[in-house]
There are 4 protein chains.
Amino acid sequence: MKDPVKASLQEQLAVARRAQILDAAIKVFAQKGFHTTTIKDIAREADLADGTIYKYFENKTALLLGILEPPRTRAQQEMSFLLESDADIHSVMKAFMLQPLMAFKKDNFELFKVIISEILVNQELRERFHQQVLGPMLQGGEAYLRRWSEQGVISPQNIDLTIRAIAGMILGLLLEQSMGDQTLEAQWDELPDTIASLIVNGIKKEPL
Amino acid sequence: MKDPVKASLQEQLAVARRAQILDAAIKVFAQKGFHTTTIKDIAREADLADGTIYKYFENKTALLLGILEPPRTRAQQEMSFLLESDADIHSVMKAFMLQPLMAFKKDNFELFKVIISEILVNQELRERFHQQVLGPMLQGGEAYLRRWSEQGVISPQNIDLTIRAIAGMILGLLLEQSMGDQTLEAQWDELPDTIASLIVNGIKKEPL
Amino acid sequence: MKDPVKASLQEQLAVARRAQILDAAIKVFAQKGFHTTTIKDIAREADLADGTIYKYFENKTALLLGILEPPRTRAQQEMSFLLESDADIHSVMKAFMLQPLMAFKKDNFELFKVIISEILVNQELRERFHQQVLGPMLQGGEAYLRRWSEQGVISPQNIDLTIRAIAGMILGLLLEQSMGDQTLEAQWDELPDTIASLIVNGIKKEPL
Amino acid sequence: MKDPVKASLQEQLAVARRAQILDAAIKVFAQKGFHTTTIKDIAREADLADGTIYKYFENKTALLLGILEPPRTRAQQEMSFLLESDADIHSVMKAFMLQPLMAFKKDNFELFKVIISEILVNQELRERFHQQVLGPMLQGGEAYLRRWSEQGVISPQNIDLTIRAIAGMILGLLLEQSMGDQTLEAQWDELPDTIASLIVNGIKKEPL
DNA sequence: AATGAATGAGGCTTCATTCAT
DNA sequence: AATGAATGAAGCCTCATTCAT
């Protein structure tokens with residue numbers, strides 16, 4: 001085991017196994033929900049034995065934590081990259097929405113359901129989510145708003161609350177969609193544009 | 001038991017008992033979450049025997065459904081009453097926010113957590129919530145927006161999506177708060193005003 | 001309560017109530033089986049409250065015991081009356097079968113199922129049944145066989161075992177029928193004759 | 001686990017475990033009856049954990065079904081073998097009785113009680129019993145009677161009913177014995193002979 | 001490293017029975 | 001005498017987790 005090549009091979013294998021298990025977990029969680037899913041379900045999906053799961057994850061909750069881990073939440077990184085650019089407000093706003101709103105679309109928002117559902121009830125998960133997903137998202141947005149505010153592009157409202165309201169809108173729309181709202185489902189792709197508009201201009205009719 | 005007086009007494013007692021159980025359930029659910037709460041917990045809190053719960057509720061899920069029942073969700077009714085009035089946009093918007101944002105404040109949003117958490121995972125509950133809470137909220141708001149739109153007060157954007165975005169913002173803020181966001185917690189009471197402003201005017205600086 | 005008329009009235013009422021409850025019990029037991037039937041089922045069928053049952057019967061088992069009580073097991077009395085007569089062997093044998101084989105036919109043998117099923121597992125019930133039903137049946141038959149044996153009509157085989165075999169045949173046929181044997185069901189009415197013949201003559205071809 | 005040696009070992013172990021559990025179940029069921037026996041009772045007797053039972057049997061009823069499974073009901077097969085032979089009627093008849101009458105003697109008929117008791121009340125069990133035990137028994141006997149009838153050894157009575165009456169006699173005797181009849185218990189070993197005689201010749205005195 | 005058999009704690013639910021009215 | 005609300009013991013079963021191989 002002192003052979004560094006071997007060691008790194010082992011390591012790579014372990015990483016692969018972890019990924020394999022997480023993929024299975026995501027799939028089954030999305031299908032059946034967290035509490036309804038058994039370790040056996042995941043093991044079967046990953047084509048492993050029950051016990052093997054526990055070599056890579058301490059317990060069932062750790063699987064959910066694993067899903068939230070960095071490599072899988074690359075979302076906000078790409079976003080923050082975008083935020084550095086110099087596009088106009090509407091474009092940036094739209095881009096800000098696009099990522100999260102579309103991210104969950106592929107699996108029909110099932111995974112969103114599972115994660116949020118469990119987050120609401122599990123403290124550790126909640127903190128992780130706040131740190132790894134919500135926090136960065138808010139900070140990124142905040143920085144942007146602050147810059148715009150300094151540039152006099154937007155009115156210097158309470159920025160803390162404003163960015164939280166915007167982020168909340170995204171979360172809330174995902175929530176409503178997850179609850180089976182038909183109207184949202186039908187027009188989902190128009191959301192980024194509509195909302196960006198709403199946030200930038202408000203609902204009030206523009207004075208001529 | 002053909003005695004009508006006695007009968008109605010019994011009936012009243014039954015109603016009281018139901019309420020007593022629901023109160024206990026709300027309390028314990030809020031403290032421990034749905035899955036973690038046992039029937040025994042609720043029974044103890046209600047100062048009743050386990051079995052008694054089942055005289056009034058078919059099963060554990062029915063307790064959660066009970067929490068969503070009309071008398072306890074009177075919220076949106078009062079709101080819709082408000083919406084009939086002729087106040088200016090900002091005031092109405094603020095009122096629209098006020099109700100839900102404050103409703104859950106008293107129990108530290110714990111109940112919101114539990115309900116949403118379970119809603120995301122339980123179809124029946126989800127449908128009930130959509131029918132009894134979200135639906136009315138959306139319809140009420142939609143009617144308002146439509147009226148304003150006709151009056152030329154607001155720009156005739158996609159109203160369906162707009163109202164959902166607004167409602168989503170409320171839900172999302174509750175969600176962020178439930179996840180332990182400190183900033184929100186500190187400034188919660190300023191939210192209605194800030195958000196109403198945001199929605200009405202947007203973030204863009206007013207052209208002079 | 002010292003009024004003897006009143007007292008006897010009370011008493012008569014009590015007897016009627018008992019009967020009412022037993023009738024209900026018989027009906028529901030036959031429909032659903034002993035273990036599957038709840039006191040509530042019986043109470044509902046008897047149009048009484050649960051608690052009332054317990055004023056007349058100590059517990060659920062007592063209801064089954066009640067079903068076996070004399071007035072309802074008048075069977076063997078009529079039979080023993082028949083046995084006194086001087087008919088030929090075949091007729092008597094046939095009569096001996098007729099009563100029990102037909103008694104349970106009316107409720108589709110469901111009650112037989114329930115009683116036997118529980119008898120096999122409940123000692124007290126077993127003893128009662130042996131005393132009140134099986135015993136008299138055996139004794140009646142035994143007396144008859146003995147008389148015939150003395151008269152030289154039948155061969156003096158082991159009478160104890162013979163009568164038990166005959167009674168067993170009856171029980172066993174009821175059992176087979178209860179198990180859903182189609183052939184038996186179709187030809188049930190021919191049984192008394194066929195069996196009487198079998199017992200009297202055996203299966204062996206008569207020597208010319 | 002692709003190792004075939006290992007796999008077959010596992011398999012053998014599983015079979016053994018099943019047997020171990022069934023043995024325990026038989027023992028406890030015989031002692032306490034089906035409904036009174038808890039899974040814990042069986043687990044304790046088998047020296048296993050409660051949950052382990054469920055790896056091998058779907059539920060409590062499956063344990064009873066297991067008891068009726070082929071390897072344990074090999075009885076009638078041996079009997080049918082006997083029926084092929086060319087012994088005289090009396091011997092065959094006696095053999096026909098011998099097997100079932102003695103099979104249950106070893107455990108004091110307790111198992112018979114439990115099985116029959118539950119069969120009467122459980123449809124699935126009833127069908128299995130009819131298929132696996134009673135059916136073969138009847139068919140075997142029927143074939144025999146029919147052959148004899150063609151050979152002119154026995155009188156061509158209604159063979160369907162006759163074989164059912166004979167089988168019924170066996171069942172009924174087991175039932176009487178199970179109910180605690182002392183006389184039967186004392187003379188149980190003489191039964192096959194006595195009954196064979198009864199069935200072959202009937203009770204009527206032979207005409208000289 | 002992987003397996004999967006075994007574990008056993010724990011929850012939901014039913015229902016016979018009691019007892020205050 | 002009748003009621004039926006309340007009781008609470010008890011059982012079946014699930015499933016996360018462990019550990020010997």
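Trainee: Which domains does the domain assignment of chain A give?

Mentor: This is a predicted model, in which local features need pLDDT of at least 70, side-chain atom pairs count only at pLDDT 80 or more, and totals for chains, interfaces and linings use all residues. Residues are numbered from 1 along each chain as its sequence is written, while chains are lettered from A and ligands numbered from 1 in the order in which they are written. Domain bounds come from an automatic or database domain assignment, and for chain A that assignment gives domain 1 (4-67) and domain 2 (70-201).

Trainee: How many residues of domain 1 of chain A are in contact with domain 2 of chain A?

Mentor: Two residues are in contact if their C-beta atoms, placed from the backbone, lie within 7 Å. By that rule, 10 residues of domain 1 of chain A are in contact with 11 residues of domain 2 of chain A. Helices (H or I, at least four residues) and strands (E, at least two) are DSSP runs, numbered from the N terminus, and on the domain 1 side helix 1 (4-32) and helix 4 (60-67) of chain A are the elements that give two or more residues.

Trainee: How many residues of chain A are in contact with chain B, and which helix gives the largest share?

Mentor: In this contact, 54 residues of chain A meet 54 residues of chain B, and helix 9 of chain A brings the largest share of the chain A side, 15 residues. That side has 25 nonpolar, 19 polar and 10 charged residues.

Trainee: And how many residues does the contact of chain D with chain C take?

Mentor: It takes 54 residues from chain D and 54 from chain C, with helix 9 of chain D giving the most to the chain D side, 15 residues.

Trainee: Which residues are the closest to DNA strand E and to DNA strand F?

Mentor: A residue is near a strand or molecule if its C-beta atom, placed from the backbone, lies within 6 Å of it. Of the 31 residues that surround DNA strand E, the closest are Ala49(A), Gly51(A), Gly51(B), Asn59(C) and Gly51(D), and the surface has nine nonpolar, 11 polar and 11 charged residues. DNA strand F is surrounded by 30 residues, the closest being Asn59(A), Gly51(B), Gly51(C), Gly51(D) and Asn59(D).

Note on methods: Nonpolar A, V, L, I, M, F, W, Y, C, P; charged D, E, K, R; others polar.
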